[in-house]
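Let's walk through this structure together, one piece at a time. Keep the picture open beside the text and look up each part as we meet it.

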Number of protein chains: 2
Amino acid sequence: MTIRKAGRRVIQAAAFFMTFPLFSPGARGADTLHSWNSGPTKLAVLQFVRDVTTEGGPFYVPQDDRIAVFSHDGTLCPEIPAPVELAFLMDRIKTLSSRHPNWKSKEPFRSALSKNLNGLASAGTRGILELTAAAHSGMTPEGFEATVNGWIAKARNPRLNRPYTECGLLPMLELLEFLRANGFRIYIVVRGDAAFLRPWAERVYGVPPGQIIGSSVRTKYEVRKGVPVLVRRPDFDMLEDGPGRPSAIYRVTGRRPIAAFGSADGDLEMLRWTAAGEGRHLVLLVHHTNGGNEFAYDRKAMFGRLDNALDVARKSGWTTADMTKDWNRFFTKTGR
Amino acid sequence: MTIRKAGRRVIQAAAFFMTFPLFSPGARGADTLHSWNSGPTKLAVLQFVRDVTTEGGPFYVPQDDRIAVFSHDGTLCPEIPAPVELAFLMDRIKTLSSRHPNWKSKEPFRSALSKNLNGLASAGTRGILELTAAAHSGMTPEGFEATVNGWIAKARNPRLNRPYTECGLLPMLELLEFLRANGFRIYIVVRGDAAFLRPWAERVYGVPPGQIIGSSVRTKYEVRKGVPVLVRRPDFDMLEDGPGRPSAIYRVTGRRPIAAFGSADGDLEMLRWTAAGEGRHLVLLVHHTNGGNEFAYDRKAMFGRLDNALDVARKSGWTTADMTKDWNRFFTKTGR
């Protein structure tokens with residue numbers, strides 16, 4: 001090592017410890033949160049991870065209990081102009097519509113075909129369920145996975161003009177990696193069909209299929225020409241938003257998480273339930289304040305409205321990631 | 001090392017490679033299957049693991065897709081005189097009965113209180129559901145976990161005369177460890193309430209709570225004196241036996257397993273579905289043939305009857321672990 005290089009390393013190391021005074025050998029990889037600005041939010045994250053990973057410390061949590069839950073839309077990626085699963089749904093309804101000529105004049109299919117987001121929003125949960133039943137069923141899990149993979153390979157977010165697989169918010173991707181490096185098991189919670197996210201969540205977020213919590217299309221076991229298969233039925237076990245989230249998380253994980261990340265009112269109960277657990281916890285709300293960008297939204301957003309939860313977060317002293325103040329980059333560079 | 005010791009090691013090593021000609025650097029820890037006798041069954045296990053872990057080979061399976069599912073009762077532990085969850089249920093009904101004097105004369109409570117297994121068997125699924133609803137609900141998940149932990153710390157299998165936590169079949173415990181060492185993710189499938197197995201499955205089987213697939217008691221989110229909690233309701237999402245198993249596995253894992261282990265007719269569809277997957281798979285049936293021991297049972301057993309599945313296994317060329325022929329030890333030594 002040259003003296004100049006050694007000198008630079010010393011300076012880097014000094015800068016590092018000035019920036020992260022709370023960093024300790026207990027927490028690994030803290031220097032990977034590059035897209036987070038120094039400040040109380042980043043410090044809260046670092047201190048939490050340090051606390052729960054410091055063996056012998058008062059807040060130590062064994063690795064198996066380090067469960068972190070993340071909402072998807074709005075928290076790990078922007079949900080503008082619409083959540084990714086809705087984009088898939090609209091495209092899929094269009095593909096299937098040649099076999100259903102009456103859809104053109106029948107709601108909610110008509111709104112889906114014309115990509116009328118206001119129409120879909122007013123069709124509500126019942127409308128989305130009707131569309132999903134038509135679009136996600138009638139095939140095997142393998143067939144559905146191939147359909148999703150075919151779509152996601154080409155589909156682009158029209159507002160961000162990049163593939164959906166490159167719309168993950170970079171600071172959150174860094175956070176996922178940081179938590180994993182510190183022994184956390186990450187679950188992603190979606191309101192829609194978990195089977196839509198599973199084929200690509202591992203590639204984009206590093207989260208395997210069994211750690212995606214969401215609604216599930218019921219399947220039926222059939223033997224077709226001597227070969228046993230599952231067939232996806234137009235019928236759901238719905239993950240209800242709001243109070244349904246803690247129940248769904250408990251059902252899948254068997255534990256109360258120690259860290260929860262959300263961005264909308266529908267996440268509130270999940271955050272409150274996590275905050276009420278024993279010991280240290282981290283509850284963080286992503287706030288889309290990036291006014292200079294197209295994805296500033298909160299109290300009146302069509303999708304992912306953040307209103308009540310923001311007030312609760314302030315009252316409860318939860319951590320809020322203000323995108324303008326706390327982040328310095330939003331996305332990875334994209335090659336396309 | 002003395003010459004005699006060194007000589008013995010050489011002989012051991014030679015015997016090892018003669019016994020396991022299929023062992024390769026791809027499969028790790030093959031020498032840990034101590035309780036399995038040499039023979040076609042053990043070789044089938046070793047060859048399967050070698051095939052799916054040999055990078056560049058025709059049957060290679062990436063680590064994330066190495067999903068193995070195990071039934072619990074009968075497969076990982078004997079279900080004599082009754083499955084462990086039924087033992088818990090009977091004891092719990094007894095504990096609660098002081099508050100329910102009418103149970104003494106009311107089925108299925110009466111059979112549970114008198115530990116009348118024939119009576120419980122004839123009460124069927126509906127009866128077991130009624131008992132479980134009474135015994136597993138009305139408290140928080142944390143409260144239920146404490147109840148289970150309190151019980152399992154003391155309860156013993158009356159026939160085997162050892163704690164339930166030491167009733168795991170040793171060859172199967174070795175197999176779990178062997179598969180894990182080779183990058184498999186293990187799921188345990190139970191028909192009953194997953195929340196009963198979760199508190200102790202990690203200690204006994206090395207399987208974390210999120211990898212227990214079973215029925216789930218529905219929970220309700222409530223705020224009690226300002227504190228958000230879940231409350232377990234007397235209401236289920238039932239895992240149906242037989243054809244319901246593949247659906248439940250798919251719902252939780254999002255994938256078709258490449259290895260499945262069962263011991264009863266209720267496991268048949270799970271095994272058939274696994275066997276019908278693409279590429280290499282291992283489908284193994286544990287057959288309780290140990291006539292010199294108290295747990296020989298198959299075609300007419302009260303719990304875990306193995307009849308039809310045994311015939312299908314023979315016709316389909318699945319692997320059968322005949323406990324008398326294929327295993328040489330059954331349990332760990334117990335200190336108590």
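Before we start, one term: two strands are said to pair if DSSP finds at least two bridges between them. Keep in mind, too, that this is a predicted model.

With that term in hand, look at strand E1 of chain A, residues 67–71, and strand E7 of chain A, residues 259–262. They pair in the parallel sense, over three bridges. Pick out Phe70(A): its bridge partner in E7(A) is Phe261(A).

Now widen the view. E1 and E7 belong to an open sheet of seven strands in chain A, ordered E6-E5-E4-E1-E7-E8-E9, and the pairing in this sheet is mixed. Which strands stand at the edges? They are E6 (227–237) and E9 (319–322) of chain A; each has a single partner strand, so one side of each is left without a neighbour in the sheet. From one strand to the next, the twist averages 30°. As a general point, strands of a sheet pair through backbone hydrogen bonds, either parallel or antiparallel.

Helix H10 of chain A, residues 268–275, lies across E1, E4 (185–193), E7 and E8 (282–287), and runs at about 160° to E7(A).

Beyond its neighbours within four places in sequence, Arg232(A) is in contact with several residues, including His136(A), Met139(A), Phe144(A) and Val217(A).

Next, find two helices of chain A that pack against each other: H3 (residues 84–96) and H5 (residues 117–135). Their axes are 11 Å apart and meet at an angle of about 60°, and H3(A) and H5(A) are therefore oblique to each other. Their crossing is left-handed. Among the residues making the contact are Leu89(A) and Ile93(A) of H3(A), and Leu120(A) and Leu131(A) of H5(A). By class, this contact has eight nonpolar, one polar and one charged residues.

Finally, see where the two chains meet. The contact takes 29 residues from chain A and 29 residues from chain B. On the side of chain A, H8 (194–205), E5 (212–224), E6, H9 (244–253) and H10 each supply at least two residues. H9(A) gives the most, with six residues. The residues on this side of chain A divide into 16 nonpolar, six polar and seven charged.

Conventions:
Residues are numbered from 1 along each chain as its sequence is written. Chains are lettered from A and ligands numbered from 1 in the order in which they are written. This is a predicted model: local features need pLDDT of at least 70, side-chain atom pairs count only at pLDDT 80 or more; totals for chains, interfaces and linings use all residues. Helices (H or I, at least four residues) and strands (E, at least two) are DSSP runs, numbered from the N terminus. Axes are lines fitted to C-alpha atoms, for helices over the stretch in contact, and angles run from 0 to 180 degrees between N-to-C directions. Two residues are in contact if their C-beta atoms, placed from the backbone, lie within 7 Å. Ala, Val, Leu, Ile, Met, Phe, Trp, Tyr, Cys and Pro count as nonpolar, Asp, Glu, Lys and Arg as charged, and the others, Gly among them, as polar. Angles under 35 degrees count as roughly parallel, over 145 as roughly antiparallel, 65 to 115 as roughly perpendicular and the rest as oblique. A crossing is left-handed if the near helix is turned anticlockwise from the far one by less than a right angle, and right-handed if clockwise.
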